[in-house]
Every structure is written in C-alpha cells, then in structure tokens.
Amino acid sequence: MTNVNLTLNGKAVSADVPDNTLLVSFIRETMTLTGTHVGCDTSQCGACVVHVNGESVKSCTMLAVAAEGAEVTTIEGIGSAESLHPMQQAFHENHGLQCGFCTPGMVMSAIELVEKNPNPSEQDVREGLEGNICRCTGYHNIVKSVQAGAQKMGV
Amino acid sequence: MPEGSTKDGIGASVRRKEDKRFLTGSGRYTADISRHGQLHVHFIRSDHAHANIKSIKTDDAAKADGVVAIYTGEDVAADGIGGPICGWVVTNRDGSPTNEPPHPILANGTVRYVGDHVVAVIAETLQQARDAAELVEIDYEVLAPVVDLASASEGVQIHENVPNNMYFDFELGDEAAAEAALANASTLVELEVRNNRLIPNAIEPRAALAEYDPAEEAYTLFTTSQNPHLTRLVIGAFMLNIPESKLRIVAPDVGGGFGSKIYVYPEEAVCTWASKKLQRPIKWTADRTEAFLSDAHGRDHINKVKLALDENNRITGLRVDSLANIGAYLGAFSVVTPTILHTPLMSGCYKIPAIYTNIKGMATTTARVDAYRGAGRPEATYLLERVMDAAARQVGMDPAEFRRINFIPKDAFPYQTPVALQYDIGDYEAPLDKALEMIDYKGFEARRAEAAKRGKYRGIGLSSYIEACGIAPSAVAGALGSRVGLYESATVRVDPTGTINVMTGTHSHGQGHDTTFAQIVADKLGVDVGQVQIIHGDSDKTPFGMGSYGSRSLAVGGSAIAKAVDKVIDKAKIIAAHLMEAADSDVVFADGKFTVAGTDTEKGFGEIALAAYVPHNYPHDRLEPGLEETAFYDPLNFTYPSGTHIAEVEIDPATGVVQLVDWACCDDFGNLINPMIVEGQVHGGIAQGVGQALMENAAYDENGQLITASYMDYCMPRADDLPDFKVDYTVTACTHNDLGVKGCGEAGAIASPPALINAVIDALSPLGVTDMSMPASPEKVWRAINEAGKAQAAE
C-alpha cells in the first residue's frame, strides 16, 4: 500500500491504495467519481481521459502513485448541470453525444485540444480526437460540437 | 401526423433531456453501481477453440487470499441451472425443427470457442479473483477446431444433436419459378459475396451486479441490457427457476448496445445464482478483450447470388444460396437474424417476379453470432446492392438508372413481394433523385478526371435499400417461429400537479427516448417537454415490454405511448365535461385545454389532473378516480424505411488507402419526431457501415484463436476516418401506426457497406477491377490495383 495525495477537482485528497492501483481505479473506486469510464484495456478508446496538471491523460495508463502531488481534473470538475462548461454546452447544443459512455473522455480531450489550438479546423478536430473512440455518433456532431465549443471557450 | 401543439412537440429538434447527466459525469452505468459487501467474479475462459475438459484443479486457488468461492460446470449442473435460450427458431426445408444444442453457463465437459466460460472465481476484490484464477489448473484434451465457414459441414461435429454442424436449413420463395427465370434470362449475373464478421463494440463493456435479499427472498440484477423484461423472463423461467415476481432486472444507463446487449449471457446468470448461494452481492465487469471474445458477434455470411434480366434489363428472377456462421451456440436471435430478418428482404426496393433463397446456419468453434445493428437486413442489402451494380456494369447501364427502371413504382403500394412481406408504402425514386442531386452525381465524371490528374482513382457508389423494422406483429412473428410476442407497452401516469411519468417497455441506450417520447406526450397533451418524465429499464417500474432493437422503439413503443395518452385524454374529457356541466361530445381538447364547443368555458389539463386525484366534484358514477392509463400496442405489419446512400471515394494507388471524400443520403423514415436525433442515428449507422466496409473484421486463425481481440487489432472507425455526412429525407408516412413513423436506427448500417464497396469498385473499374471484399483494407486495395496493373501489362 502506498499513500497517495493529490488534488482532485480542486480538493486535496489522500488515500492508501495498493501500489498497482491505476489512476482510473483511484478516481472511480477509491474516490467514487464514476464519470470517468473504462472502455478498453489498451489505452485506445479514451473513455478514461482526465486532465493531469492540465494535460489530457488516459487514466487507465497511469498509476495512482504516479499522480502524487498532481492536480487531477475529471469530468465532474469542469462544470455542473446548473452551469455547464462551454464545451459541455456545445456538445448538448450540437447533439454531440448519444449513449454518453465515451462522452466524458471526449469532452476532456476536446477541452485540452482547444486550449492548445483555440480555433481548430475540422481536420484539426478529427485528428485531435483520434485517441477517443465513439461508436454511436459517427463523429459528425462531435466535430461540430468541438468547433462550437472552441468559439464558446474563446481561449 | 398529429398537429404539433407545442414548440417542442412532434417535428422539433428538441435538445436532449438526457444530455446533462452524461455531460457532467452523472450518468449511472452498471459498472458505476456498487453495493456494500460486494464480491467480484472473474471468469476463467477457454484458451482453446474446441477441447474436452479432463480435469479442473481448484485446491490451491481456493486457499488464495480473499477467495470466497470457485464454481465450475459441475456446480451449475448440480443446481440444475439452464442455459440462455434461443428466442426464435425456424422449420427446416425438410420440415424438421432447428437443432438446438444445450448452452451451459459454465462449460460442462467441453469448450467450444476461445472465450467459453469455464470457471467462476469469486473473491473479495477483483485483483484477488484474478490472482487466484492463475492458480486454477485445467487439463484439456484438445479437439479439432471448426473455423472455416465454407467447410464447416465437413468438420468434426461440435454438438451431439447438430449433425453436419448445421443448426438449420431454411428456404423461402419459389425455387421452380426462380430457376425458370434464370434459365430464360437474357442476361445472367452471378456474384459471390462475403459479409465479413464484425464485433459490435459498444464502448461500455458488459457488466452485471446481482444481489439477493433474504428478507424478500428476491433478487435484483443490475445489468447492461437492451431489454430488461426479456432478461427477467429468460433468467427467471429458463435458467435459474426464480419466480418472475422475485427477480428485478434494472438496466440503468447503458453505453450502447447495437444488438449485443439484447441477449442473456452466462455471466449475468452466474452473478445472480451466486448472490443467493453466497448471500453477498456479486459484481462483474468485462474487460475489452472479454468483450471481443464473448459478446455476440455479427454478420458472417457467404452469399452466392444469381440475378436474371430480360432484354430490357428488367429483373426477372433472383436466387441466393447462403451460409451463415452462427458460431458455437445459439443466441436469442441467432436463428431469426439470417432467416426471417434476412430472406424476406431479398426483393429490396425492386420488382422481382421470382425469388428463391436458401440459407444454412452453421456451427463453428467461434463466438456465437447474433443480431448486430441491422441484423440480417444489412446482409440482404449488401448482396442485392452489389449484384445490382454488377448487373448494371454487365449491361452497360448507369447504376442509378438501372435501379430506377427496376424500382417498385410508387403507385404499386401496398406491394406484395414474392418473399412474404407486404410493403405498405414507399416512393423509392424520390430519395434516389434527392441523393443524386445532393452529391452532384452529374458532376462526378469531372471530379474523377480531376482526381486522375492528381494520380488518384475516384469512384462513386450507390445503395438503394429497404428494411423491415419496427418488429413486429406478434401473430406474424409467432407463425414464423418466434417464442415471444413483439408488442410494446406504456403506462402514462399523470400526477395530481400535472407532471407526467411515462413508463415504457423499451430501453434507451443512446437513442434519446427521454426526449423523443416526451415530445410525443407533450405534443398530444399540449404540455411542456420538461413536464414529461420517461422511465425505462426497470422491470419493477415498467409494464412488461420487449425492449429496444430492430428499430422498434418509436414505431412500436412510441405508438403504445401515443395510445396510452389517448386513453388519458378520453378519461380527462369526461372529467372535464362533468366539471363544465357539458355533454362529453361537446368537449374539445386542444393546446392543453378542454373547452366546450361554442362557449368560452375551459379547463386546463392541470385542473383536470388535480380533479382526478381530489375527486370531490367528480363523475363517480362513470369513472374511477386517478389519471393513469396503460396501453399495449401490437402492430399490424413491419415498417419499411427506405432510401438511397451514395459514397464517393478517392484511392491512392501508392498506398491502397481508400479515402471517403463525400457521403450523401436521403432516407424515408416516415414522419420524424425529433430530426436532430434521427440525423444522429443516421450518422452513427453510416459510421458502423463504413467500419464494416473499410476497416472492421473479426478474424480467427486456423486454430480458432481470435486474432482481433483488442482495439490494437480490431480497427474501429475514428474521427479522422470519416467525412461529414450530407443527410436529408423524403417522407411517405407509415400507413399502419398513428404517428406515421417507420424507425431510423439501423438504416445507416444497412445502406452504407454496399455503397462504399460499389464506390471502391467504380474507382478501380478503369483497371478492370470488378470485385472487392470487405473490409477493403489498404493491403487488399493495393493488391487489387497491382494485380490489375500486371494483368493489363500482360495484355
């Protein structure tokens, strides 16, 4: 067991976890924030994307102990039902989600994409989301959402 | 079409009510649910495609840290546990029934595919269960696998009661008439196509959490299901012998299904069974590789097609002889998918006087194959739309014109096909014309020439499809071998304050029912969409329903809701008439208000709702208090969406990469309730079809090992593989449901693969290429180009 201390959605958290605990398990099971999902075991699908120190990370690929001292932000930390983040709002307005399972990872990847490229072209978005798989939408409306979200974020 | 009475009623692109919980991480999927004291189960699966189990040694594992129980097939057999059942069987050509082998939930003596469930290890933590599984020793006697579909009948027999590895041998149509047409054909077109095997890959892996309440002697199973009541029926009545009233199935938010979550799987039954034995909640979540190995796969046909044309290039006959790979066991819809959902579609949108089709369902030592988005109809559309292009090429006609002259004309409806179905309505030229315009078909040759200057091969391909969905009329389904009804149910409960709860027997796993169904209710009652709450996915809360698949939710489930709302209105009118001291027949309901014709007397819907629950001044002699109605709706026919999809591709001869550069489609889904949601369904369906045509392939090696068992090996469509899609509609309203709707969930997946492959072949046609199998991977395309080049050079 190792004691892990990090900042999760702005709050300091601490827990003793087995050394081999993945960051995604720490978030979902230890901290019971289940908005971050697990869709594969090979870091391919992107359902588990969170931000670690502002960078999008597949949290199934990182050990919790490796996030010691880090600022971790999950989908629960970027907006609320009463006050959606502009990217969440853009996904809602542009029907950028269907079953919702890939959505948290998709939104987290999209936010980082726009933070790095405030005015992405359609091709920029398509290439930027290459690490997130969606089986429902055919991506058409996700791409529209991210471009609309970029305008709303006005980075 | 009912009049839209609110701004967010029928026909409005209302933004989805369910979005916020998904966008904020508040969605509640099965794996998100935990129970105090829960145990975790890990399944040891067969490493072999086909083997006898000589022994299973669990002693060391049983002593490992945290292990609570280890179960094998012997424990299952000792408790008399049944397996998942086949929900629909057919009669063979010779009059004999489908061969149905047993399907034990943990292998009993023999394993029949890689991934077959052998041992359940249950421990305090998942890690402990996995670690203990390493200590279980299984001694196998390896048997010969049966992997190749074409030669499956010659392989070793997989099940005792399935001779020649053939589950069924089904035929439909008039063989003599079809043979006569082929014999007298002016042009005979022959084609063999392979419909590649796919893995559905909902992004949420399957999961289950079962708990037993000794006080109530009742079970609750949270599970990733598209149809909780069917799951209850199968697990309760056929597998674990639990009274239905003592088994509650909850399918909470479900992260996509595409067919793969229709069926009851062994894991769900093991969790439920063990929850009572161990008196602890039992949780299981598939990892992705388990999903690849053990989810029901889709498609996997070999189809031999013969098409006869007369001297005017009109189709006179069609014969299709097929093999369907069903895999190691029969799933719920394994038999119906390649038979009843496939062979009656052979007429497509075309007037074909004589049709005969035979399909044999074969057992192989691979995962079971069952309904996957479109289920039988994509396979029919693929072979038909491929042979339509081959025929057009053979007679030198434009493929659009060749389709046009063979369409069933719009004045021919209702149209009885020679393969059982009667199409109620359609107009196939309208969507063809619109789609041709959307993609600028006329300008294509200029684009081809321009691409050629850049060294690229450019091609265009069409697919005009019809599907039979909104399954189904129960009586027809029953006559054709279904063991269940296929109606749908709804309860509309109006609260005293006028808010409305709708309990539906369908299940939403991405389709947006919370919104679409609320729009129907809001429209009919003249209330705000926000006042309507849709409740689904809990067998304790909703009336018995058949769930969601086969594009049935709106056409069948939506119609049940509309019927229940009509009953509410009928009752409310009598209450209103009483309160307004008017005759029932003088009361008119519109825009949420009851008025007495010719007067200014009116009562709001909310006032009537309150009166129903505070019945002080009430027509007690005529009505019971309360305002809640239930309706079951069983349709009279399937619905028949249709349309044309057109793909345009560019191929780089250096790499063989097919770039999808444009897509236009025009579908006729009847009336649309929420066009935004419909468009999303079309996009997603096309993407899955593009996946099948260009990327996806479930590949087993000769030993029966699945070599595409992760996202590293199974190529899923990603954002940069797809273009924007141009989507539009024409409308012929369904004639036999009040909403005039047909269904839209599967159309994209049905229509798109042949459009794409036709486009690839068209692009390579200057080289003399006339065939391409799915998926048209860069390697295959590159080889086709180079082999054609060599052949041309040799000439």
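This is a predicted model: local features need pLDDT of at least 70, side-chain atom pairs count only at pLDDT 80 or more; totals for chains, interfaces and linings use all residues.
View 1. Residues are numbered from 1 along each chain as its sequence is written, and chains are lettered from A, with ligands numbered from 1, in the order in which they are written. Local features need pLDDT of at least 70 and side-chain atom pairs count only at pLDDT 80 or more, while totals for chains, interfaces and linings use all residues.

**View 2. Where the domains of chain A meet.** Here 14 residues of domain 1 of chain A are in contact with ten residues of domain 2 of chain A (contact: C-beta atoms, placed from the backbone, within 7 Å). On the domain 1 side, strand S3 (49-52) and strand S4 (55-58) of chain A each supply at least two residues, and S3(A) has the largest share, three residues. Helices (H or I, at least four residues) and strands (E, at least two) are DSSP runs, numbered from the N terminus. By class, this side of domain 1 of chain A has five nonpolar, eight polar and one charged residue. Ala, Val, Leu, Ile, Met, Phe, Trp, Tyr, Cys and Pro count as nonpolar, Asp, Glu, Lys and Arg as charged, and the others, Gly among them, as polar.

**View 3. Domains 2 and 3 of chain B.** Chain B is divided into domain 1 (19-27 + 487-633), domain 2 (33-143 + 206-285) and domain 3 (298-471 + 637-794). The C-alpha centres of domain 2 and domain 3 of chain B lie 36 Å apart. Their contact takes 22 residues from domain 2 of chain B and 25 residues from domain 3 of chain B. The domain 2 side is made up of twelve nonpolar, seven polar and three charged residues.

**View 4. Chain B against chain A.** This contact takes 42 residues from chain B and 45 residues from chain A. Helix H1 (19-23), helix H8 (288-294) and H17 of chain B each supply at least two residues of the chain B side, and H17(B) gives the most, with six residues. The chain B side divides into 16 nonpolar, 14 polar and twelve charged residues.

**View 5. A closer look at helix H17 of chain B.** 18 of the 21 residues of H17(B) are buried, so the helix is largely enclosed by the rest of the structure (buried: 20 or more other C-beta atoms within 10 Å of the residue's own, with C-beta atoms placed from the backbone).

Technical notes:
Domain bounds come from an automatic or database domain assignment. Two residues are in contact if their C-beta atoms, placed from the backbone, lie within 7 Å. A residue is buried if 20 or more other C-beta atoms lie within 10 Å of its own, exposed if 12 or fewer, and partly exposed in between; C-beta atoms are placed from the backbone.
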